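Here is a friendly note to read beside the model. Keep the 3D view open and look up each residue as you go.

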Amino acid sequence: MFPTRRLAVLALGLILGSPLAPAKTLLNASYDPTRELYRDINKEFLSDWKQKTGESLEIEQSHGGSGKQARAIIDGLEADVATLALAYDIDVLADKGLLSPNWQERLPNKGAPYTSTIVFLVRKGNPKGIKDWNDLIKADVGVVTPNPKTGGGARWNYLAAWGYALKQKGGNELKAKAFVQELYKHVKVLDSGARGATTSFAERGVGDVLLTWENEAFLALNELGADRFEIVVPSVSILAEPVVAVVDRVATKHGTQKQAEAYLSYLYTEKAQDIIARHGFRPRSPKVAQAYAERFKKVSLFTIDELFGGWRAAQKKHFDEGGLFDQIYGASS
Amino acid sequence: MTELASSPSIPRPASLTWNLAKPLRANLGRYILLAIAISYGVLILGLPLAVVLLEAFKKGLGSYREALLARDALGAMSLSLLVAFLVVPLNTVFGLAAAWLLGKFRFRGRNLLITLIDLPLAVSPVVAGLMFVLLYGAQSPLGPWLAAHDLKIIFALPGIWLSSLFVTLPYVARELLPLLESQGTELEEAAALLGASGWQNFWHISLPRMKWALLHGIILCNARVLGEFGAVSVVSGHIRGKTNTLPLHIEILYNEYQFTAAFAAASVLAFLALITLVFKRVAQKHHTQAASLSA
Amino acid sequence: MVPRHSRKQIVPGFGVTLSVTLFYVSIMLLLPLAALLARASELSFAQIVPIVTSERVLAACKLSLGAAALAAGVNAILGTVLAWVLTRYDFIGRRWLDALIDLPMALPTAVAGIALSALYGDRGWIGAWTSHFGISIAYTRLGIFVALLYVGLPFLVRTLQPVLAEAERTQEEAALTLGASPWQNFRYVVLPQIMPAILTGAAMAFARGVGEYGSVIFIAGNIPKVSEIAPLLIVTKLEQYDYAAATVIAVFLLSLSLVLLLIMQKLQMQSQRYRLKEVQP
């Protein structure tokens, strides 16, 4: 049945590894929701690069949870570029000396070539009438969101809810904590990652509303059926800024610094921004944003720097051992 | 057993009616046992398999074939087969040695050794992977030396191989041990006293008596290597088409909402599990033929 | 090390098998284990105690150990029935049922978790049925138990089968001719012979259940202090880049299961000794 010769060649290639491929190779270690995005961008970049320099390059992709990928790079995964869900995971790489601490200044928009936000995915017709964050804590509403301790995206969900409560009239830390605590009481399943949560909601029928990235919500509509779900954009949400950086130590070792930098800069070109927008991420380029204005609904967005003083502070206060997330579960049961 | 025979608690057939009723009652018990066993087997094992197969063939044979012949799927399959090829023989040799040692001899520390061999079962796969990261990763004491010599263990084939070895280490040994224990050592002793060499003793006396258990052990070990997800996931690096084993490939497909393709790939592993069937058939035929020849 | 009874030394191969076993166990088992312990020992005792005595860690360990023990217990009974039926009776579909036993070994745990959550979710074949009675299985502790039943079953059946096939039929025949009921035959003749194998299989199923991650995570719900298993806590610590705490929990969990395994081992030895006494008066 199987073409055995092809199998043999593949096996041989696996054993011998890179010596068979003389072309320079970049390894992009990324988080889960960008699989489809980078598949398209890589194709464009490679032909663009070949045209410009005559060099044929290869790009390999590795995807996993954002934190897991950062750990893998620390433990020796030789990724030339890291494209992760949140700045904290790249800060950790900088702490280990894999790249310079000022990495966010080396690319436009603090190293975030695109943004996203957190929206709600509800079942068709929105039977529970969910319009905004405060509808999530109505008595009969079940919420699905992944575990902020194990998923990068889930941390954005949590912070978005917190920020919403802070931004309400008379909102303060105490009220925010009470709101988020109430919200997590409505969570029946804490999956370990964003895609797992989507599957629980869509395929297993758990809960009434899924908190997820906007791009994931678009993808879910596309892949799982626009006739089954609809997207609800809340009044306020967080500006999620996934970041990219060259892992200097690895790129220097491979002699791919130039290529890696060009690759990341390419993300800011109009062509790449268009691909980005097509995949449901909010582009940085105003021109592309204009073209896709209908797709991305206007929503009042706050940044993590504004409300939480940046990722390091947010991580420490909310998600570290004994932090507010732990306290919420300590107190609620 | 003499004790049993003389035990007063065993009722003797007292009357003809009792004797007549007995086969029926024995059969009833048999049917009840059969019903329990079959429903448990179907509930716990059969239904999950049915789910996998239904999902795999949901979009027809064409897309099933396509899913299996996709470039990344073939790459993942060949990597998985390569790993199994590197792991199973080693653990088989170890399993035979360990089972022989623990089954035929009594010595101090024997219990501890048995428990040690069981240990990989108790180690969470995530931790199993973590151990090798701690041992050979860039942050480990060995890390700088490995990097200086450009030796890749973690996030490459050796890491996948090592963690698979670890996870499946107990299977052959554990499969053989209870059998060797229940068989005792009389035959081997007799053979040795009659002048058989150690090797002859093993080859002609012991091996034929444990071939079923050995086969089971190898099949289990092989199945587990091919199916191992957690430990390999930690040390693989998930590089598409390069360090993705079949279970990791399935995860990717599933995460891409390609449910049908994911279950198609999973069904390959499920069929591998069913291979026991073929093995046993062949071996049994062999067995009966040999028996009829010698008769 | 020297065999305890000199009589046994007639059987060859002690030296060779001992050195092979010890060498392999050292390289493949003790070395990685040492790396784990080394990392855990970076923390002082005063730092370790609060980690392992935190409410969440204790709850998760209790859940993991409890669910694994319960599942191993149920499998010890029903798995024995299955093994018995497979080796002793001939019926249509026997070979297929027999082949099915290896499924949990070969099917990646994550796939199993997905299949189980599809079956036992409120929309699944079984979940829809049980939800009529107000019982939810997926995303509760019951789901963890079901997943561990699945994971543990092959250990019981596959350990028992060779022993049951080997067990002396002559004794059983004798007992039956002497008028023993099938139950008496099983209880007094068969059970003593297969008891060590049952205990071994149960111990393995238990050990595997304690560490199981992939299949459980999809069906557990993972709510802290309710349905959060210990291996998940280890992953959580890793996500916080807290390797030391992760290894501490790993070592703690491992020592608990080791103690239980050693107890099982002792029990098995006893049951064997008891049997030897009975058979050779």
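1. **Before you start.** This is a predicted model, in which local features need pLDDT of at least 70, side-chain atom pairs count only at pLDDT 80 or more, and totals for chains, interfaces and linings use all residues. Residues are numbered from 1 along each chain as its sequence is written, chains are lettered from A and ligands numbered from 1 in the order in which they are written, and side-chain values use heavy atoms, with hydrogens and water left out.

2. **An enclosed strand.** Strands (E, at least two residues) and helices (H or I, at least four) are DSSP runs, numbered from the N terminus. Buried means under 20% relative accessible area, exposed over 50%, and partly exposed in between, with a 1.4 Å probe and protein chains only. In strand E9 (residues 236–240) of chain A, five of the five residues are buried, so the rest of the structure largely encloses this strand.

3. **Its partners.** Two strands pair if DSSP finds at least two bridges between them. E9(A) pairs with strand E4 (residues 114–123) of chain A in the antiparallel sense over two bridges, and A:Thr117 stands opposite A:Leu239. With strand E12 (residues 300–302) of chain A, E9(A) pairs in the parallel sense over three bridges; here A:Ile238 faces A:Phe302.

4. **Aromatic pairs.** Rings of Phe, Tyr and Trp (its six-membered ring) pair if their centres lie within 6.5 Å; planes under 30 degrees apart count as stacked, over 60 as edge-to-face and the rest as tilted. The count comes to 36 aromatic pairs over all chains. One of them, A:Phe201 with A:Phe229, is tilted, at 5.7 Å centre to centre and 40° between the planes. This pair links helix H8 (residues 194–202) of chain A to strand E8 (residues 229–232) of chain A, with the two residues 28 apart.

5. **Chains B and C.** Counting contact as heavy atoms within 4.5 Å, 109 residues from chain C and 105 residues from chain B take part. Salt bridges need a side-chain nitrogen of Lys or Arg within 4 Å of a carboxyl oxygen of Asp or Glu. How many are found across this interface? The rule finds zero between chain C and chain B.
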